[in-house]
Amino acid sequence: MILTALNNYYERLSDQGIEGLPPYGYSNESISYCLQIDTEGNLIDVIPLLDTSGKKPRPSVRMVPSPPKRASNISPCFLWDKTSYVLGLTASDKEKDLARAKQTYQAFKEYHQQWLADYEDEGMNALLCFLEKWSPEDDCMAAKIPSEAIDTNIVFRLDGESKFLHQRPVVQKIRTLQLSLDSTDVTPCLITGDNSVITDLHPSIRGVNGAQSSGASLVSFNQNSFESYGKKQGQNAPVSNKAAFAYGTVLNYLLRRDESNKQRLQLGDTTVVFWAESDVLEEAENADDFIGFCLSPKTEADEDDGQITALSEDLIQVAKGRPIEELGRGLNPETRIYILGLAPNAARLSIRFWQVNTLEHFTRCLSAHYQDLYLDPQPWKNLPAIWRLLSETVPHRAGSKPKLDDVSPQLAGELTRAVLTGRRYPRSLLTNLIMRMRADGDISSLRVALCKAVLARESRLNSQNDKEIPVSLDTDNKDPGYLLGRLFSSLESAQRAALGKGINATIKDRFYGAASATPAPIFPMLLRNTQNHFSKIRKTKGGLAVSLEKQIGEIIDKLAASFPKTLGIEEQGRFAIGYYHQRNENFKKHEPELELEEGDSE
C-alpha cells in the first residue's frame, strides 16, 4: 500500500513535469567540483560547484545518473563519482585506503572503457583519453587537484561547453541501454503487477532524522533468516527496478531539506511526510498547504500575516459543522491525503504510522483535536503544533528549552495517530503529564490543556462516562479532583497576597505533587497555614481577604466531610484543570493585589 501510493505519486509528479524530480535512471546528488578537460583528455581546470548561499559553502545538488547501491563492494558511478573512483586519490594516508583507491580508480576506468568505446562522441572520447593519461601515482598530476576537492563528488565538462558530460544527448541513449541490461529474468512486480526485472537492492532513503546520512532502506533482506524459499535479497519482495526507483526517488524528494518543502515535518524522532492526490493540480497544492498548516502552524516567532488567525477561525467553523468547501481556500473535501511517519532503526527505517483518508476526514479530526485542547482563558496565541505539544511531555529545566530528543518515540507516534484519526489519546500521555508536573513543578497552560484534551475525548467517546470536562471555570462542578485543584489555587493566592513579591517559593513549588496525589495529609496543614496569611492580608487588603475567604469556604462546602486519601491519575488531571481555571480567575479579578511575578500568569 505505501510503496504503491509512492509509486503513483511519482508518476503524477512526472506527468506534471515537477522541477527537481529526476527521471528513471537519474538522481539528485551532492556535487562539489567539476574537472574541465579538452578533447585530448588534458585537465584544463578544476572548477568548484559549491553552493555559497549559506554561511558555509556546501556541495550543490545536481541531477546525475543514479549511483549503484554499495557498501564494501566496488561499483563505480557513470560519468561522476568520488575522487577515489575518478582519480584514485583519497585524503587518507592508510595503506589499505590507498590500495583501495587504486582499485576503485581501475574499476571506474574499465567501466567507462566498456560503455563508451563504441560511441563516436567528442565528449565521451575526451573522457576516455583523460582516463588513459591520468595516473594516481604521478605527483605532478595529483598536484593539480586542490586538497579541498579530495574525497568529494566530481563531474566532467568539455572545455568551451556549458553542459556537463552527463548532460550530452548520447548519454541518455547509453543510460537506457544500461538500465535494460540488468537482467533477463522477469517476475510480476508487487507494485505494478507487470512482468518486470526485479531489483535486488531497494533504494536508499535519505533525509530521515537519526538515520544513516548515506541513507537507510525501507525494504531490505541482509540476513539469511529474512529470506524464504531460496530467494535472495529483493527477490523475497519482488519489486521492479522502475517501481523501486520511483518510490525511492519521490520519497527522497518529499524528505529533501529545503525551506520551500512544506510536505515534511519533525515530530520527536519521527520524520513525517504527506501529500495530496487529486486530478486537479491546484486542489492538490491547496490541500498540501492546508494540511501542512494544520499539522504545524506557525509559531509566535513567525510573522503573522493573518493566515494564523484565519486558520484558527476555519478550524472552529469546521468543528461546528461547516463544510470545508465553503472556507474559500479552493479545497475539495474528497481529495485523498497520505501521511507517512518514518523513524530510524539502524540501517533500516521503521514505519511509525501510515494514515490515508480524505481531506474532510483529516480536517475534522484536527478541528476536534484543537477543540479538545481548548481552555478559557485560551492557553495559546497561535495554534500549537503537535511537536509543541510533545515538548510538554519532557522535563522543563529553568533557563533552557525542552529537548525534543527526550520525547518518547512511542508517545509521539501514538499522539499523532490520535490527532489524525480522532481516536482516544494514549493513556500514557496523561500519566506522563502528571508525572512531569509533579517532578518539575511547571503547571504550564499547554500541559493543562493536554490533560483536558485526554479527559474530554475519553468522556466523549465513553458512553458510560458522564463527567463533563469544563472549558472555563465551573463553580458548580462538584468533582473532588477539580474542587481540590481550585482550593489549592485559592490557598496559593492567599499566600501570594500575604507575602508579596518577596516570596521565594509558593505552596505550588513545595506541595503541588503531594496535594494532587495524597490530599488528606496535605490540605489540613495548608489550611492551618492560610489562617496566618489571612491575618496579614486583613491589615492591608481587607476586601481581598473577604473575597478569598468566601471563595475558599464555598469550595470546601462542596467537598465531602473529609479529604480523599488519594487521587487517581484522571482525578489528578482534573486537579490540574481546576487549579488552572481558579488561578486565572483570581489573577483576572485581583491582579494588582496578588503581586504576581512577571511571567507567572498563563
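This is a predicted model: local features need pLDDT of at least 70, side-chain atom pairs count only at pLDDT 80 or more; totals for chains, interfaces and linings use all residues.
# A walk through the structure

E12 and E13 form a hairpin that leaves two residues between the strands, and glycine 268 in the turn has a positive phi of about 65 degrees. Strand E12 covers residues 264–267 and pairs with E13 in the antiparallel sense over four bridges. To see one of the facing positions, find arginine 264, which stands opposite valine 273 in E13.

Strand E13 has another partner to visit. With strand E14 (residues 336–345), E13 pairs in the antiparallel sense over seven bridges. Here alanine 276 has isoleucine 337 in E14 as its bridge partner. Strand E13 runs through residues 270–277, and because seven of its eight residues are buried, it is largely enclosed by the rest of the structure.

Now turn to an open sheet of three strands, whose order is E1-E5-E4 with antiparallel pairing. Strand E1 (26–31) and strand E4 (50–51) are the edge strands, each pairing on one side only. The antiparallel pairing of E1 with strand E5 (residues 58–65) extends over six bridges. Within this sheet, serine 27 stands opposite valine 64 in E5. When you look along a strand, keep in mind that in a regular strand the side chains alternate between the two faces of the sheet.

Leucine 79 is found in the loop between E5 and strand E6 (80–82). Its phi is near 70 degrees, a positive value in a residue other than glycine. Leucine 79 counts as buried because its relative accessible area is 0%. Aspartate 151 also has a phi near 70 degrees, again a positive value in a residue other than glycine. This aspartate 151 sits in the loop between helix H5 (139–142) and E7, and at 37% relative accessibility it counts as partly exposed. For a peptide bond that is cis, go to the one from aspartate 376 to proline 377, with omega near 10 degrees. Proline 377 belongs to the loop between helix H10 (359–373) and helix H11 (386–390).

The helices come next. Asparagine 7 has its place in helix H1 (residues 2–16), and with 4% relative accessibility it counts as buried. What does asparagine 7 touch, not counting residues up to four places away in sequence? Its contacts are Ile191, Thr192, Ala243, Ala246 and Tyr247. Helix H7 spans residues 241–254, and at 1.5 Å a residue its 14 residues should span 20 Å; the end C-alpha atoms are 20 Å apart, which agrees. Since 13 of the 14 residues of H7 are buried, the helix is largely enclosed by the rest of the structure.

A search of the whole structure finds 16 aromatic pairs. One of them is the edge-to-face pair of phenylalanine 130 and phenylalanine 156, at 5.7 Å centre to centre with 65 degrees between the planes. Phenylalanine 130 lies in helix H4 (residues 122–133) and phenylalanine 156 in strand E7 (residues 153–158), so the pair ties together parts that are 26 residues apart in sequence. Both phenylalanine 130 and phenylalanine 156 are buried.

Tyrosine 512 and tyrosine 579 make up another edge-to-face pair, 5.9 Å centre to centre and with 75 degrees between the planes. This pair links distant parts of the chain, 67 residues apart: tyrosine 512 is in helix H16 (residues 507–517) and tyrosine 579 in helix H19 (residues 569–594). Tyrosine 512 is buried at 3% relative accessibility, and tyrosine 579 is buried at 2%.

Arginine 70 lies over the face of tyrosine 85, at 4.2 Å from the ring centre. Likewise, arginine 256 lies over the face of tyrosine 253, at 4.1 Å from the ring centre.

Our last stop is the cysteines. How many disulfides does a search of the whole structure find? The search finds zero. Cysteine 365 is in no disulfide, and the nearest cysteine sulfur, that of cysteine 294, is 11 Å away. With a relative accessible area of 8%, cysteine 365 is buried, whereas cysteine 140 is exposed, its relative accessible area being 62%.

How values were computed
Residues are numbered from 1 along each chain as its sequence is written. Side-chain values use heavy atoms; hydrogens and water are left out. Buried means under 20% relative accessible area, exposed over 50%, partly exposed in between (1.4 Å probe, protein chains only). Contact means heavy atoms within 4.5 Å. The expected span of a helix is 1.5 Å times one less than its number of residues. Rings of Phe, Tyr and Trp (its six-membered ring) pair if their centres lie within 6.5 Å; planes under 30 degrees apart count as stacked, over 60 as edge-to-face and the rest as tilted. A charge sits over a ring if NZ of Lys or CZ of Arg is within 6 Å of the ring centre and within 35 degrees of the ring normal. Two strands pair if DSSP finds at least two bridges between them. A disulfide is a pair of cysteine sulfur atoms within 2.5 Å.
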